[in-house]
Amino acid sequence: MAAALALSQRGRGRTAPNPNVGCLVVKDGRVIGRGWTQPGGRPHAEAMALAQAGEKSRGATVYTTLEPCAHESARGPACSDLLVAAGVSAVVIALGDPDPRTNGKGAQRLRAAGIRVTEHVLEAQAREAMAGFLTRQARGRPLVTLKLATSLDGRIALASGESRWITGPESRAHAHLERARHEAILVGRGTYDADAPRLDVRLPGLEMRSPRRVLLSRTAGSPDGWERIDTAAAIASLDGVDHLLVEGGAETASAFLREGLVDRLLLYRAPILIGSGKAALGDIGLTDLASAHDRWRLADSRTLGSDRLEVYAAR
């Protein structure tokens, strides 16, 4: 299942509105089929893995990170039906599908066909791997990651506005990898006017995974190649976006935090001091220090060149 979860990450940021699922077909101790949800949501992971395994699927065990779908679609057959037709003997599932069109029906269909079903294997890891899809299902909006690149004293630019570059090349490369894992990326009008950011992915081999560009602005109209929303809450209206990366600036970051819309925080910190520069954040709605505590859980930390990255998850 851990290998299936790793496969699922190949599709992250490209499968919405479908979940990024991973699947393995195993027989006699050997992997005979691998699959992950393809761009645009089809083929599904199970369909890809079964196609690769072919006739060898009969009697095999399938490991899938999400309950196989049970609903009919003009885009392809239900994965639970494909598994039955393939004659697999067992299906191991990490997480049940919250989509009401499936929600338990996929596992039920497999059991009715005599297939042994095991559920809840590495479920917590599956929830993390498909957090964007699950957030959209539960909250009606994308999973939001806020990226901040600051000095040690929490500044994002000199007082003059100069900000290139606070962090080093390793941090910037990591940030581009994060862009490739999101369907859309958002900045505010101030950042757009000051920096004219490209917001693309400039890593060799991943250029085609540049996300959609979204501008947060109350001013009507948007530049060519950009989508515009006028409030942070309007991210719910972004069709086909389950993962949204917010890159700036301070006013935009503060608005998302103030409205409780940040699920994940990427904090890149360079070993420099700036002093009286531009702060990373403005008013985020705190009224007392007590309410600032226990909001964030450290999920990861690592050194990137001379910089430090800390990843926090909202509690």
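Leaving aside its neighbours within four places in sequence, which residues is N18 in contact with?

Author: Quick ground rules: this is a predicted model, where local features need pLDDT of at least 70 and side-chain atom pairs count only at pLDDT 80 or more, while totals for chains, interfaces and linings use all residues. Residues are numbered from 1 along each chain as its sequence is written, and side-chain values use heavy atoms, with hydrogens and water left out.

Now, N18. Setting aside the neighbours within four places in sequence, N18 touches G41, H44, R75, F133 and D242 (contact means heavy atoms within 4.5 Å). You'll find N18 in the loop that runs between α1 (2-8) and β1 (22-27) (DSSP runs numbered from the N terminus: helices are H or I with at least four residues, strands are E with at least two). N18 counts as buried because its relative accessibility is 17% (buried is under 20% relative accessible area, exposed over 50%, partly exposed in between, with a 1.4 Å probe and protein chains only). As for R202, it sits 184 residues from N18 in sequence and 26 Å away in space, C-alpha to C-alpha.

Another buried spot is T135, with a relative accessible area of 9%. T135 belongs to helix α6 (residues 131-139). Beyond the neighbours within four places in sequence, T135 contacts G140, R141, P142, L143 and D263.

Next, a helix pair. Helix α2 (residues 45-53) and helix α3 (residues 79-86) have axes that come within 9 Å and cross at roughly 20° (axes are lines fitted to C-alpha atoms over the stretch in contact, with angles from 0 to 180 degrees between N-to-C directions). That angle is why α2 counts as roughly parallel to α3 (under 35 degrees is roughly parallel, over 145 roughly antiparallel, 65 to 115 roughly perpendicular, the rest oblique). On the α2 side, E46, A47 and L50 make the contact, and on the α3 side C79, L82, L83 and A86 do. By type, the residues of this contact split into 6 nonpolar, no polar and 1 charged (nonpolar: Ala, Val, Leu, Ile, Met, Phe, Trp, Tyr, Cys and Pro; charged: Asp, Glu, Lys and Arg; polar: the others, Gly among them).

Staying with α3, its buried residues are C79, S80, L83 and A86. They cover an arc of only 125° around the axis, so they lie on the same side of α3 (the arc is that of directions from the helix axis to the C-beta atoms). Their cover includes α2, β3 (61-64), β4 (90-93) and α4 (105-112). After α3 comes G87, with a positive phi near 75°.
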